[in-house]
Amino acid sequence: MSQSSPSPASDHPGEEWNAWRAGRHRSLTSPTGNLALVETRWLPAGEEPDAGAAREGQPDSVRVTTLRRTDLVTGEPEHGLRFWDADAPAIRHFEGVSAFPYDPAWVLEAAYTPVPGARRVAFEHLRDNGGTRELVVPGDITLTVDGREYTLSAFDDDGTLLLVFGDPTNGDTTYGAGRFLFVRRTEDDNRVVLDFNRAFVPPCGFSDQYNCPMPPRQNRFHLAVEAGEKLPLFRDGFPAQH
């Protein structure tokens, strides 16, 4: 979903963070990176996608992939096509993503309590007009921040815990709809690490063709999380998606 990944602990966290930032830039500007998505086309009910046919007549810089989701009304599968352009205007005008300076104080350890079974939690999505989609949340993450205890819900993103969180910086110095963070597991099954220096702008911050989950109430912090990515930056007045 997010074209990023968690990382193990390091003896040189600042250097590792710089390397992560460089990797993010490469990923975002790749031929199928977040900036390259120029169209998501949902097909009529019952129609199967044909990426090869959709690719015909497109410029050489364009790739076509397929995807599916569940229709919020019928519960039936919906099929779609995504068009990625390695020469998209967003890539050509992209300068980078602004970020807070690395701060070791925002590397937090938390308790993790697995929940048996496939518990599903409703997440509102940015482009569903208030509708919600249920995502698998395999456990509870509990930690105390600035004297307040939180029980966070991170969902399973292809085997990795992905936290969607909000804080008072959203819409001001950071992306308005919240940010994403991969949760790092430890050798102790009941402990995880949240390195907010690696909080990142979600895919919908780079292309309006994504439909990103938004932070549920329990994932909204009362204090400003001044760590991690802030906003995409573009040249020549190109409109950033924020």
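Predicted model: local features only at pLDDT ≥ 70, side-chain atom pairs only at ≥ 80, totals over all residues.
Student: How many aromatic pairs does a search of the whole structure find?
Tutor: Let's start with how such a pair gets described: you give the distance of the ring centres and the angle of the planes. Searching the whole structure for them gives a count of twelve.

Student: Take F94 and F206: is that pair stacked, tilted or edge-to-face?
Tutor: The ring centres of F94 and F206 are 6.3 Å apart, and the planes meet at 75°. Planes over 60 degrees apart get their own label. With 75° between the planes, the F94 and F206 pair is therefore edge-to-face.

Student: Which cluster do ring pairs link F165 and F221 into?
Tutor: F165 and F221 are themselves an edge-to-face pair, with centres 5.9 Å apart and planes at 75°. F165 lies in strand β10, while F221 is in the loop between β13 and β14. Ring pairs link these two into a cluster made of W106, Y150, F165, F196 and F221.

Student: Which ring does the charged end of K230 sit over?
Tutor: There's a charge over a ring at R69, which has its charged end 3.9 Å from the centre of the W42 ring. For K230, the distance to the ring centre is 4.6 Å, and the ring belongs to F100.

Student: Which side chain does the side chain of N197 make a polar contact with?
Tutor: N197 sits in the loop between β13 and β14, and it is buried at 0% relative accessible area. A polar atom of its side chain lies 2.8 Å from the backbone nitrogen of D103. The side-chain partner, at 2.9 Å, is D195.

Student: Last one: how far apart in space are E124 and N211, C-alpha to C-alpha?
Tutor: E124 is in strand β6 and counts as partly exposed, at 37% relative accessibility. Residues it touches include C212, P213 and M214. In sequence, E124 and N211 are 87 residues apart, but in space the C-alpha to C-alpha distance is 10.0 Å.

Terms used:
Residues numbered from 1 in each chain as written. Heavy atoms only, no water. Phe/Tyr/Trp six-rings, centres within 6.5 Å; stacked < 30°, edge-to-face > 60°. Helix = DSSP H or I, 4+ residues; strand = E, 2+ residues; numbered from the N terminus. Lys NZ or Arg CZ within 6 Å of the ring centre and 35° of its normal. Buried < 20%, exposed > 50% of the residue type's maximum accessible area, 1.4 Å probe, protein only. Contact = heavy atoms within 4.5 Å. Polar contact = N/O pair within 3.5 Å; in protein donor to acceptor, adjacent residues only side chain to side chain. Lists of a residue's contacts leave out its neighbours within four places in sequence.
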